[in-house]
Amino acid sequence: MDKTIESVAEAVAGIGDGAVVMIGGFGGSGAPIELMHALIDRHRQTGSPKGLTVVNNNAGNGHVGLAALIEAGMVAKLVCSFPRSADPRVFTEKYLAGEIELELVPQGTLAERIRAGGAGIPAFYTPTSYGTQLAQGKPVAEFEGRPYVQERWLKADFALIKAHVADRHGNLTYNKAARNFNPLMCMAARETIVQAAQVVPAGGIDPEHVVTPGIFVNRVVEVPEPQQEELLNRAGATYP
Amino acid sequence: MTGTTHDDIKLSNAQIAWRAAQDIADGAYVNLGIGLPEAVARYQPPGREAIFHTENGILNFGEAPPEGQEDWDLINAGKKAVTLKPGAAFFHHADSFAMVRGGHLDVAILGAYQVAQNGDLANWSVGARGVPAVGGAMDLVHGAKRVAVLTEHVTKKGEPKLVERCALPLTGVGCVTRVYTSLAVIDIENGRFMLREKLPAIGLEELQSLTGAELAVDGTVADLIVPEF
């Protein structure tokens with residue numbers, strides 16, 4: 001078994017128009033910048049993919065990564081908890097112009113919906129958002145005397161993931177708080193595509209240290225010294 | 001209601017944070033909301049160790065690193081670079097919010113636009129205009145054993161932030177247990193604001209005039225004494 005592939009271009013080649021794509025990260029931490037930029041490269045060359053639904057905690061920052069994906073006009077809908085950042089202009093302008101749809105989800109509900117999608121649980125109840133605008137239209141039920149809101153699973157066609165170390169079976173570790181949504185999204189996508197700073201042979205990660213077991217991963221591409229959104233923005237970078 | 005007196009005598013943000021920090025017990029697991037509540041971590045009473053949680057997957061993080069030594073994979077929920085203390089742990093987002101909703105946090109301390117006397121909190125949206133954003137606010141108000149609010153007593157225009165009913169969109173229903181303001185410490189009990197402490201420089205009547213709902217008093221009201229800094 002060998003899930004490794006040679007290039008980020010090859011890694012994202014199968015993502016088509018209208019796909020639902022989960023993208024890991026919390027702000028720039030754990031964001032797979034190189035995979036997103038490869039998707040933008042393909043769009044520039046072929047006009048595809050477009051009309052994407054993207055699931056991410058945020059809505060991009062500056063003009064790189066997710067912000068660049070939105071700026072390129074590739075995203076029709078965003079599912080996120082916090083579409084604000086130090087420089088949120090790209091998303092804000094498109095949203096206020098009615099050019100991008102937003103589904104706003106409380107952060108813990110977003111995480112649990114993704115987990116549920118990966119775990120085969122179609123719906124669950126949470127106290128979060130009860131009595132607020134974000135619970136409107138959702139079923140409510142009482143358990144042990146308290147009201148809870150029903151939420152549904154969230155699944156994707158593809159997940160773009162940033163890992164620290166991967167082995168050839170797709171077992172993954174992450175770097176510090178770059179873990180965030182990444183392990184959940186690995187579970188919830190039909191095809192999970194991982195960029196890892198280092199790819200090692202099977203056995204190169206202590207089984208006690210594996211965070212995401214390879215069963216949740218389909219493709220792994222090595223991206224040594226991956227870019228960080230925060231540093232790109234401080235340098236005033238734009239993509240392309 | 002001019003707000004002039006309020007501005008002259010009120011506690012600074014750091015002083016409100018100091019007061020809130022005095023109520024955090026040794027060994028407590030605590031989440032501090034983005035902004036004003038973040039300062040609470042700086043005023044831990046000596047000899048007590050609290051463990052701070054951040055939504056994006058760290059327990060026991062510490063202060064910001066010196067400039068130039070940031071690791072941008074090591075940030076807090078406000079996307080600021082942090083450091084780790086001995087005994088820190090990383091976890092993914094679903095585990096992080098299991099800690100929140102599952103009743104594992106001892107205290108969550110949040111900011112507020114408005115708090116109602118029944119414990120309703122509005123702190124995520126000021127209305128329909130602009131881009132709505134909620135983050136973890138609606139999760140954090142559920143599950144922590146105590147949900148406290150840190151806030152100015154009145155808005156910049158001098159309008160009460162403690163009200164009978166929130167006019168702004170709610171973050172959570174009946175969730176707040178204690179409010180630390182720039183003038184007072186107030187518990188929420190049985191649908192009422194129960195005044196526990198107030199600055200010695202303000203009279204009960206004037207404090208009431210700056211509050212949008214009745215302040216109840218149960219026994220004595222202690223002086224709110226905070227160091228100068």
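α5(A) is mostly covered, with 10 of its 13 residues buried (buried means under 20% relative accessible area, exposed over 50%, partly exposed in between, with a 1.4 Å probe and protein chains only). Helices (H or I, at least four residues) and strands (E, at least two) are DSSP runs, numbered from the N terminus. This is a predicted model, in which local features need pLDDT of at least 70, side-chain atom pairs count only at pLDDT 80 or more, and totals for chains, interfaces and linings use all residues. Residues are numbered from 1 along each chain as its sequence is written, chains are lettered from A and ligands numbered from 1 in the order in which they are written, and side-chain values use heavy atoms, with hydrogens and water left out.

Reader: How far apart are the end C-alpha atoms of helix α5 of chain A?

Author: The expected span of a helix is 1.5 Å times one less than its number of residues. Helix α5 of chain A has 13 residues, 107–119, and should therefore span 18 Å. The distance between its end C-alpha atoms agrees: 18 Å.

Reader: Which residue just after α5(A) takes a positive phi?

Author: Most residues other than glycine have a negative phi. The residue just after α5(A) is a glycine with a phi of about 75°, namely Gly120(A).

Reader: How many aromatic pairs does the structure hold over all chains?

Author: Rings of Phe, Tyr and Trp (its six-membered ring) pair if their centres lie within 6.5 Å; planes under 30 degrees apart count as stacked, over 60 as edge-to-face and the rest as tilted. Ring pairs link Tyr125(A), Phe143(A) and Tyr148(A) into a cluster. Over all chains, the number of aromatic pairs is 4.

Reader: What is the angle between the planes of Tyr43(B) and Phe229(B)?

Author: Tyr43(B) lies in the loop between β1 and β2 of chain B, and Phe229(B) in the segment after β14, 186 residues apart. Phe229(B) counts as partly exposed because its relative accessibility is 48%. The two rings are 5.1 Å apart, centre to centre, and form a stacked pair with an angle between the planes of 10°.

Reader: Is Glu144(A) buried or exposed?

Author: Glu144(A) lies in the loop between β7 and β8 of chain A. Its phi is near 50°, a positive value in a residue other than glycine. Its relative accessibility is 87%, so Glu144(A) counts as exposed.
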